[in-house]
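Let's take a friendly walk through a protein model. Have a look at it first, and then we'll go through some of its parts together.

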Amino acid sequence: MTTNKIYESILPTRPWQASMKDRLTTGFVLVFALFIATLLVKITGLSGKLGFFVVFVIVFVTLTSGREYRRFGSASAKDALVNALVAVGTFLTLIPIGSIIFEVISKGYKGIYLGLFTSDMSLNSPNDPANVGGLGHAIIGTLILVAIALVISVPIGILTALYLTEIKGKFSQPIRFLVQAMSGVPSIVAGLFILSAILYPITKQNSAFLGSLSLAILMIPTVARTSEEVLNLIPNDLREAGVALGGTQWRTVAMIVVPAAKSGLLTAVILGVARIAGETAPILLLAGGGDRFNLDPFSGPMGSLPYFIWNSFKSGTPESIARAWTGLLVLLVVLLFLFSAARFLGNRKVGK
Amino acid sequence: MSTTESTYVIPEKRVVTTKPRFSDKVFRAVVTTGGLSSLIVLGLIFGFLLYQGFDIIKSQGFDFITTSRWDITYDEAGNVISSDFGLSAMLIGTILCSFLAVLIAVPVSVATALYLTFYAPHWIKKTMVTIIDLMAAFPSILFGIWAYIILMPSGVYWAKLINHYLGFIPFFENKDRYFQGSPFIASLILAIMIIPIITSISREIFSQAPLDRIQAAYALGATRWAMIKAVVIPHGRNGVIGGAMLGLGRAMGETVAVYTVLNIVFAINWKILFGVGGNVASLILTKFGEASAYEIKGLMAAGLVLFVLTLIVNFASDQLIRRMGGSGK
């Protein structure tokens with residue numbers, strides 16, 4: 001009992017933390033600002049959410065910084081002003097993403113039914129209600145597109161990362177820049193490149209394989225950069241231990257470094273897939289799109305989720321736009337799944 | 001008896017060498033080839049687009065980027081009699097929209113990055129970083145459709161407000177009262193798309209601000225804003241500019257999202273609220289469907305121009321971000 005008392009007396013105090021009184025005052029100012037904003041919007045000609053938001057921000061900022069000014073002077077008032085502005089900026093960042101997720105879910109869920117994932121659109125017209133037909137062909141198509149792009153880009157991406165971290169040759173700096181430049185290549189340019197290099201001179205028809213080639217171009221930089229970061233985290237001790245045991249560099253990398261970075265490399269691959277899963281422009285140029293199942297990646301147009309969404313959106317009837325929202329919902333769920341998988345793997349300790 | 005004459009074999013002297021083994025040579029060769037792939041791919045892109053678009057660029061010369069036309073005349077047999085390609089309206093539209101987008105996005109992104117680095121409690125910071133990373137991974141078709149259906153009505157309303165109060169500035173003029181599909185709305189959606197990119201780069205750079213100076217500023221009694229002004233902003237300025245350039249590059253190459261909202265017309269338009277705009281990437285997508293083999297060459301040349309433009313912007317941003325270094329004045 002006495003020890004408790006002693007502890008209490010020597011417990012650290014945190015004078016910089018907001019006290020209860022401060023918090024209450026902030027809450028009160030917030031409510032007061034809301035009240036004034038509502039009043040102003042009602043009295044004056046201002047109207048709508050935008051007017052309300054602007055008035056609220058102005059009133060809140062003036063109130064808080066005025067209070068700070070009275071308490072501590074102008075430096076503190078400026079600090080409060082910036083504090084409020086920074087919070088507003090963050091809020092502005094969050095609005096669109098909140099709106100996007102909300103709209104996709106609320107507009108897309110109506111079209112979800114069991115047959116959606118097993119049937120295609122070959123017997124439907126854009127005017128059919130959402131519970132007829134489906135996007136099974138699109139999901140299969142996207143899976144095939146992504147799988148081929150994966151097979152091409154993962155080895156190249158990881159080899160690039162290995163060059164940057166293990167060999168560290170004289171080209172390291174230029175290659176790092178080129179990878180960066182490659183990640184900035186617009187997707188339509190990647191599509192045009194495959195179009196001019198392969199589709200027009202050689203195959204002369206749309207196919208999923210060509211689409212995958214262009215997706216691979218977009219995926220390589222993501223895989224390479226994330227893998228490089230992961231491989232840089234592998235402690236040098238592991239490499240030195242491998243060499244000290246008489247391993248050649250090849251054995252050290254293949255049996256020690258890469259296995260140690262396994263989960264991180266997987267994260268890199270997943271982030272790459274997330275990058276290309278919804279890519280639309282090159283698909284429109286190269287893979288075309290059909291409304292029936294096509295399992296042959298080397299001939300004929302193949303449907304995919306982005307194409308399905310695009311096509312439904314372009315058809316313009318209310319039913320088909322509803323179908324586009326459903327397609328977006330499916331795409332969003334796929335992305336969320338990929339993303340949380342990447343997070344989960346990325347949070348595990350590297351080197352396990 | 002003669003066991004003493006046993007066979008002592010003196011082992012050969014071990015060769016100590018730093019010469020790589022055969023397996024290592026193969027390994028190094030393979031990895032180096034893989035590493036050079038980005039160079040090869042970029043070179044191939046440039047080469048093939050140039051090869052396919054060369055005729056057009058040669059015949060049009062410098063007019064290809066200074067005039068604004070897109071006409072082809074065919075005779076009855078479908079042969080091309082004359083053609084006239086010029087990208088200036090599209091190029092100006094692309095640059096206008098992306099600069100405007102960066103202008104909108106940078107203050108918001110910097111505010112968000114400052115909030116996340118210096119103000120937010122830990123749990124808010126963690127969630128927000130995840131959300132912003134997720135937003136960076138959203139496909140452009142999602143942004144495009146959302147922008148067309150949800151953002152467009154609000155954007156038109158805001159544009160009318162700006163036009164009503166600031167219409168006397170030539171930039172915001174709109175005599176025809178046509179607000180749909182204006183460069184302003186395209187810039188809004190581009191800004192939303194590049195905010196995550198600029199935010200995450202700024203955040204990374206702000207978090208590298210030298211801790212000793214931060215503590216020194218606090219010890220001298222600085223408020224949080226005074227500390228940021230004295231330490232963080234001088235340290236991070238170049239990096240933020242580099243991030244903005246990176247966002248600019250992304251905005252220039254964006255196709256689908258701009259295509260859905262922007263009204264593409266072959267006319268140079270500086271009035272950002274007026275519903276007429278241009279965009280190189282969207283032009284390619286628009287014209288591609290019904291283009292003849294000859295017109296495709298023109299599109300390839302347009303793609304080449306876009307490619308070179310984004311490459312230059314990316315190079316500049318790379319230089320700025322790298323030069324940022326650790327100097328805080």
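Which residues does Ile189(B) touch, leaving out those up to four places away in sequence? They are Phe143(B), Ala147(B), Leu151(B), Ala257(B) and Val261(B). Touching, or being in contact, is defined here by C-beta atoms that are placed from the backbone and lie within 7 Å.

Before going on, some housekeeping. This is a predicted model, in which local features need pLDDT of at least 70 and side-chain atom pairs count only at pLDDT 80 or more, while totals for chains, interfaces and linings use all residues. Residues are numbered from 1 along each chain as its sequence is written, and chains are lettered from A and ligands numbered from 1 in the order in which they are written.

**The core**

Ile189(B) turns up again in the largest nonpolar core, which has 179 residues. Along with Leu328(A), Leu190(B) and Ile194(B), Ile189(B) is among the residues with the most contacts inside that core. From chain A, the core takes at least three residues from each of domain 1 (18-110) and domain 2 (136-347). A nonpolar core means a set of buried Ala, Val, Leu, Ile, Met, Phe, Trp, Tyr and Cys residues joined through C-beta atoms within 7 Å. Buried means 20 or more other C-beta atoms within 10 Å of a residue's own, exposed means 12 or fewer, and partly exposed is in between, with C-beta atoms placed from the backbone.

**Two domains in chain A**

The domain bounds come from an automatic or database domain assignment. In chain A, the C-alpha centres of domain 1 and domain 2 lie 41 Å apart. Where these domains meet, 6 residues of domain 1 are in contact with 6 residues of domain 2.

**Helices side by side**

Two packed helices are described by the angle between their axes and the distance between the axes. Helices here are DSSP runs (H or I, at least four residues), numbered from the N terminus. Axes are lines fitted to C-alpha atoms over the stretch in contact, and angles run from 0 to 180 degrees between N-to-C directions.

| Helix pair | Angle | Axis distance |
|---|---|---|
| α9(A) and α10(A) | roughly 150 degrees | within 9 Å |
| α11(B) and α12(B) | roughly 160 degrees | within 9 Å |
| α7(A) and α12(B) | about 135 degrees | 10 Å |

Angles under 35 degrees count as roughly parallel, over 145 as roughly antiparallel, 65 to 115 as roughly perpendicular and the rest as oblique. So α9(A) and α10(A) are roughly antiparallel to each other, whereas α7(A) and α12(B) are oblique.

What about handedness? A crossing is left-handed if the near helix is turned anticlockwise from the far one by less than a right angle, and right-handed if clockwise. The crossing of α9(A) and α10(A) is right-handed, while α11(B) passes α12(B) in a left-handed one. The crossing of α7(A) and α12(B) is left-handed.

Now for the residues that do the meeting. Between α7(A) and α12(B), Ile188(A), Val189(A), Leu192(A) and Ser196(A) meet Met300(B), Gly303(B), Leu306(B) and Phe307(B). Gly303(B) and Leu306(B) are also among the α12(B) residues that meet α11(B).

**Two arginines**

Arg251(A) sits in helix α10 of chain A. It has 17 C-beta neighbours inside 10 Å, so Arg251(A) counts as partly exposed. Arg177(B) lies in the loop between α6 (140-166) and α7 (183-207) of chain B. With 10 other C-beta atoms within 10 Å, Arg177(B) is exposed.
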